[in-house]
Amino acid sequence: MTTTGERTRTHEGGAGYLRDPKSELYLLAVSNFVGTDTFYYGGALATGSGAVT
């Protein structure tokens, strides 16, 4: 992953860097696995096909 080199602030006010569009797309793809368990709930609930586990 690469950054644009441009500095910004995070949502909590900390220092951060902007990522280039290709890196943003990569992060979106690998962090959005449909049907897998997440930190908060099981994959079935995330897809709307099941009850809370």
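The chat below goes through a predicted model of one protein chain, from its overall layout to single residues.

Me: Before anything else, what kind of model is this, and how are residues numbered?
Reply: The model is predicted, so local features need pLDDT of at least 70 and side-chain atom pairs count only at pLDDT 80 or more, while totals for chains, interfaces and linings use all residues. Residues are numbered from 1 along each chain as its sequence is written, and side-chain values use heavy atoms, with hydrogens and water left out.

Me: Which elements does the chain have, and in what order?
Reply: The protein chain has two helices and two strands, and from the N terminus on they run β-β-α-α. Helices (H or I, at least four residues) and strands (E, at least two) are DSSP runs, numbered from the N terminus.

Me: How do S1 and S2 run, and how many bridges join them?
Reply: Strand S1, residues 3-9, and strand S2, residues 15-19, run antiparallel and are joined by four bridges; for two strands to pair, DSSP has to find at least two bridges between them. Thr3 stands opposite Arg19 in S2, and Arg7 has Tyr17 as its bridge partner in S2.

Me: And what's in the turn?
Reply: S1 and S2 form a hairpin with five residues between them, and Gly13 in that turn has a positive phi of about 95 degrees.

Me: Gly16 next: buried or exposed?
Reply: Gly16, which lies in strand S2, is buried, because its relative accessible area is 11% and buried means under 20%, exposed over 50%, and partly exposed in between, with a 1.4 Å probe and protein chains only.

Me: What is Gly16 in contact with?
Reply: Leaving aside neighbours within four places in sequence, Gly16 is in contact with Glu6, Arg7, Thr8 and Thr10, where contact means heavy atoms within 4.5 Å. The C-alpha atoms of Gly16 and Glu6, which are 10 residues apart along the chain, are separated by 8.6 Å.

Me: Switching to charges, how many salt bridges does the count come to?
Reply: The count comes to one salt bridge, a term that requires a side-chain nitrogen of Lys or Arg within 4 Å of a carboxyl oxygen of Asp or Glu. The side chains of Glu24 and Arg19 meet in it at 3.3 Å, N to O.

Me: How accessible are Glu24 and Arg19?
Reply: Glu24 is partly exposed at 38% relative accessible area, and Arg19 counts as partly exposed at 37%.

Me: What about Ser23, where does it lie and what does it touch?
Reply: Ser23 lies in helix H1 and counts as buried at 6% relative accessibility; apart from neighbours within four places in sequence, Ser23 is in contact with Met1 and Thr2.

Me: Which residues make the nonpolar surface patch?
Reply: Met1, Tyr26 and Val30 make a nonpolar surface patch of about 330 Å². Patches are made of residues with over 30% relative accessible area and no salt bridge, with like charges joined within 9 Å and nonpolar side chains (Val, Leu, Ile, Met, Phe, Trp, Tyr) within 5 Å; the areas come from the Shrake-Rupley method with a 1.4 Å probe, and for residues only the protein chains shown count as cover. Tyr26 is found in helix H1, residues 21-31, and is partly exposed at 48%.
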